[in-house]
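Look at the structure below with its helices in mind.

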Amino acid sequence: MNRRWTLASSVAGAVVVALDGTVLTVAQPCLQRELGASLAEVQWTSTAYLVAVASLLVFAGRLGDRYGQRRVFALGMLGFGVASAGIGVAPGVGWVIGLRAFQGVFGALLQPATLGMLRAAFPPDRLATPLAVRTAAIGLAAAAGPLVGGALVTDLGWRAVFFVNVLPALVFGLPALSRPQRTPAGPRAPLDVPGAVLLAVTLCCLVHALTVRPVSWPGLAVAAVAAAVLLRHERRTASPLLSPAVTGSRATGAALGVLVVVSAALFGALFVATYVLQRRLGLDPLHSALRSLPLAVLMVVSAALCPVLLRRLAARGTTTVATALLALGVLALSAATSAPAFGCAFALLGAGFGTVMVAATQVVVRRAEVAEAGVAGGLQQTALNVGPAVGVATASTLMGTGTGPALLALAGVAALGVPLARALPGTDGEDALPGTGGERATSASDGVVSITPAADERVRDGAPAGR
């Protein structure tokens, strides 16, 4: 699989997942009406997916490292499409909820693989551009989702939004599955199933506790206990799921922390902004979406410009400035009363988040070896699932004090990303994979260890080269 097809597949997988979430939000009122579902049941059509996907992301990434990112991508893409088709013909809301959880399992397989394939196909110093393309595509999907979903639901009904996933699943899943792929050479490390179970319990309880209303404190307590047991297990096991090669890096930990706080601030702010636009200002969903359009536009633009900023400011400077912009956007949103003010606030949010997505993700994925790229991608995706849950939970808890105080608190959450960003690499060489001199090329003429043609083929196919 060549680099262009790998990039196209990665973008397609990310867009399918992003579009699925946005169009579902538009389709839920119609779904509730036609299936006679309660509000709690409708909420579970989202919660079941979120819990399943968040619980399994890291272990799914490990499966990609072990069996090949392209193979796991194909399985995730095809399974996602099959589950989507099943939801489209579901006879009742119970079936929809169950199939959404099933879809979440394949979404967990799919998402880390989209990043793992890029890490395997592109040299570390060229990762910023494909990551920028992927992030820009996600921004476009976020902007198009409400419009596509609204048009489909209006003309064809809520079931149509799920059938949209079937064609791209076939177009990108079947070619990835049909080409034979070599498995990694040498002995395979154990999968650490106990660690995977403990991590799944931790994340399942955490995400569920944060997504229910009100927040479940017993669920948070169970998540904390499971996390403590997980840490003890990971320290003692010979082949931990959360490898020190990935989690032991100060820069990787800081990048993941930045992703959590900025996504928490963004989605929490959007939750509050929706309330302000539709309840306080009386706008309908379409005009409310149009007010927030600058967010998607600036997210696309900033993602495209981020590789240039990374070359000039490195990850530390780029992420620090972008995080500060996002915090400023939340502050501006707290004081906005007119359409231009809302537009400026949403533009700042989009510019900050699009830049952070590329810069922080590059640190996480670039610093991981190819053999650990799936776990790194799983951690990145986990951060982007946990962060919004934290942000919306924070926003809903503070809404009783007023929208202004809630947004000020979320701006403080975003500001936490600034000191975290200071721990990111400050130079391009410092941002490189440790011990490889930047791994800038794959030829001996560049002064680094060369990769043999056979190993290079395995890397391009999404499987780690043998050592």
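At the start of α11, a side-chain oxygen of Ser249 lies within 3.4 Å of the backbone nitrogen of Ala251; a polar contact is a pair of N or O atoms within 3.5 Å, one able to donate a hydrogen and the other to accept it, and residues adjacent in sequence count only if both atoms are side-chain atoms. The model is predicted, so local features need pLDDT of at least 70 and side-chain atom pairs pLDDT 80 or more, while totals for chains, interfaces and linings use all residues. Residues are numbered from 1 along each chain as its sequence is written, and side-chain values use heavy atoms, without hydrogens and water.

Helices here are DSSP runs (H or I, at least four residues), numbered from the N terminus. Helix α11 covers residues 250-280, and its 31 residues should span 45 Å at 1.5 Å a residue, which agrees with end C-alpha atoms 44 Å apart. The expected span is 1.5 Å times one less than the number of residues. After α11 comes Gly282, with a positive phi near 75°.

Helix α2 (residues 39-67) has 29 residues that should span 42 Å, and its end C-alpha atoms are 41 Å apart, in agreement. A kink of about 50° is centred on Leu57, the bend being the angle between axes fitted to the seven residues ending there and the seven starting there. Just after α2, Gly68 has a positive phi of about 110°.

Methods:
Helices (H or I, at least four residues) and strands (E, at least two) are DSSP runs, numbered from the N terminus.
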